[in-house]
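The entries follow the order in which I looked things up.

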Amino acid sequence: MNLGRVKLGCSKFLDTDGQRRFKADMTKRSYFGTDGIRGRANQHPMTAEVALRVGLAAGKMFMSSDDRRHLVVIGKDTRLSGYMIEPALVAGFASVGMDVVLFGPLPTPGVAMMTRSMRADLGVMISASHNSFQDNGIKLFGPDGYKLSDEKEAAIEALMDQGLQEGLAGPEGLGRVKRIDDAQARYVEIVKATFPRSKNLSGLRIVVDCANGAAYKVAPVALYELGAEVFPVGVSPDGTNINQKCGSTHPEAMIEAVKTYRADIGIALDGDADRLIVCDEKGQVVDGDQIMALIAADWAEHGRLKGGSVVATVMSNLGLERFLQGKGVGLERTKVGDRYVMEKMRSGGFNLGGEQSGHLILSDHATTGDGLVAALQVLAVMVQSGKPMSQLARQFEPVPQLLENVRHKGGTPLEHAAVKAAIADAEARLNGSGRIVVRASGTEPLIRVMAEGDDARLVRQVVKDIAGAVQSAA
């Protein structure tokens, strides 16, 4: 049975080809993973030398043969290691003749927007998203504002392994570098324009947790200028506290603030603000699946949903699929990664997609996940419906789902005979009443084991058995 495809009226669902479908996640590449390059700061591949090579290679690749000046724009989050990675990238780009514009702290979607609006040849975001400060990453955007394809990343990798002296510009052809101060203001205006013009946030008390990350300035400003009373959390970055007990991966800070300030809603972003998690006025957390359901239902009702389907990954809950089915809306599934969601959206003409983790893509407004833009769509539904968030938070009843991450030391544990046998046994025991997805993380040495189904006890048991087999193999 194809992933994400169900027959109307069917009460049982089966998806057991996750391991076979996503063996590509295990394909080894020297630098790039599922979301750019990411790793421990000052350890391979997240070193100044690698960043220099990225600048050299990507610069060469995106330099055309005409005589015009070529431009790369660079943003970052608030990690201490950004001060190491940024100048190394700048040196690489400038040395092959590309001009460089530096934004400073700016959300990932803001970098994507500015890449396109400034007619840059390339955009770069320095961030490890929701990871702790010890990690960092490099994400690349093409001139259209979309993340680069696997093929283009592979081409850059090939260039990165060339000699550092190859393809350098002459002394008169070096790139020029400058920093601009209005990138954040530009992004705020773009974000505000996604909210219905006839509405505002007057009368709403909103907590926004910026994870001490890239949105620590722009998110509170955008909400305030739209009329809300704003209570910011996680807006004091010091280089080492990004995502630390705050943001979308630690919603406890948002929940506590909502209760303390008697807010109407809480909004939690991650370190680079491409993720969103919400809580209602009672502190009930609303994940990415529920947010997608809320927006999809509203857009479908008002004729704004394109393509008749929502795009999600294999990790989204089966309850979302059933809910959308009841609304006459399809669900297209992809492998994990917002880049793959966007690729499916573009090829199928869909305008709403995302991940359970809170990566939400609204392609009418952005070319990548944008937590702040997604939050404004949730707020628009609140304002237009006149309902409190607690009445909107639970769009569907989730099917029991369990995810366990198993750390390994390398190699290919999914190819181990005992792991394959455990997966086959779990498939047989579910007997058509759920889904199993076992895959390798593209950013960490983890095997992710997920199962879901109507029988919560059985789901727990099959996850335990598969995870145990992976641990033994690892």
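**Entry 1: a helix pair**

I looked up helix α6 (residues 183–192) and helix α7 (residues 218–225), whose axes come within 10 Å and cross at roughly 45°. The model is predicted, so I noted that local features need pLDDT of at least 70 and side-chain atom pairs pLDDT 80 or more, whereas totals for chains, interfaces and linings use all residues. Residues are numbered from 1 along each chain as its sequence is written, and side-chain values use heavy atoms, without hydrogens and water.

Helices (H or I, at least four residues) and strands (E, at least two) are DSSP runs numbered from the N terminus. Axes are lines fitted to C-alpha atoms, for helices over the stretch in contact, and angles run from 0 to 180 degrees between N-to-C directions.

α6 and α7 are therefore oblique to each other; angles under 35 degrees count as roughly parallel, over 145 as roughly antiparallel, 65 to 115 as roughly perpendicular and the rest as oblique. I recorded the crossing of α6 past α7 as right-handed, meaning that the near helix is turned clockwise from the far one by less than a right angle.

For the contact (heavy atoms within 4.5 Å) I listed Gln-184, Tyr-187, Val-188, Glu-189 and Lys-192 of α6, with Val-218, Val-221, Ala-222 and Glu-225 of α7. These residues divide into 5 nonpolar, 1 polar and 3 charged. Ala, Val, Leu, Ile, Met, Phe, Trp, Tyr, Cys and Pro count as nonpolar, Asp, Glu, Lys and Arg as charged, and the others, Gly among them, as polar.

**Entry 2: the sheet of 7 strands**

I traced an open sheet with the order β2-β3-β7-β6-β4-β5-β8 and mixed pairing; two strands pair if DSSP finds at least two bridges between them. Its edge strands are β2 (32–33) and β8 (177–179), each pairing on one side only. β2 pairs with β3 (residues 36–40) in the antiparallel sense over 2 bridges, and Phe-32 stands opposite Ile-37 in β3. Helix α4 (residues 108–117) packs on this sheet, touching β4, β5, β6 and β7, and its direction makes about 165° with that of β6.

**Entry 3: the sheet of 4 strands**

I then found an open sheet in the order β15-β14-β16-β17, again with mixed pairing. β15 (330–334) and β17 (360–362) are its edges. β14 (residues 309–313) runs parallel to β15, joined by 5 bridges, and Thr-313 stands opposite Thr-334 in β15. Helix α9 (residues 288–301) lies across β14, β16 and β17, at about 175° to β16. Helix α10 (residues 318–326) lies across β14 and β15, at about 150° to β15.
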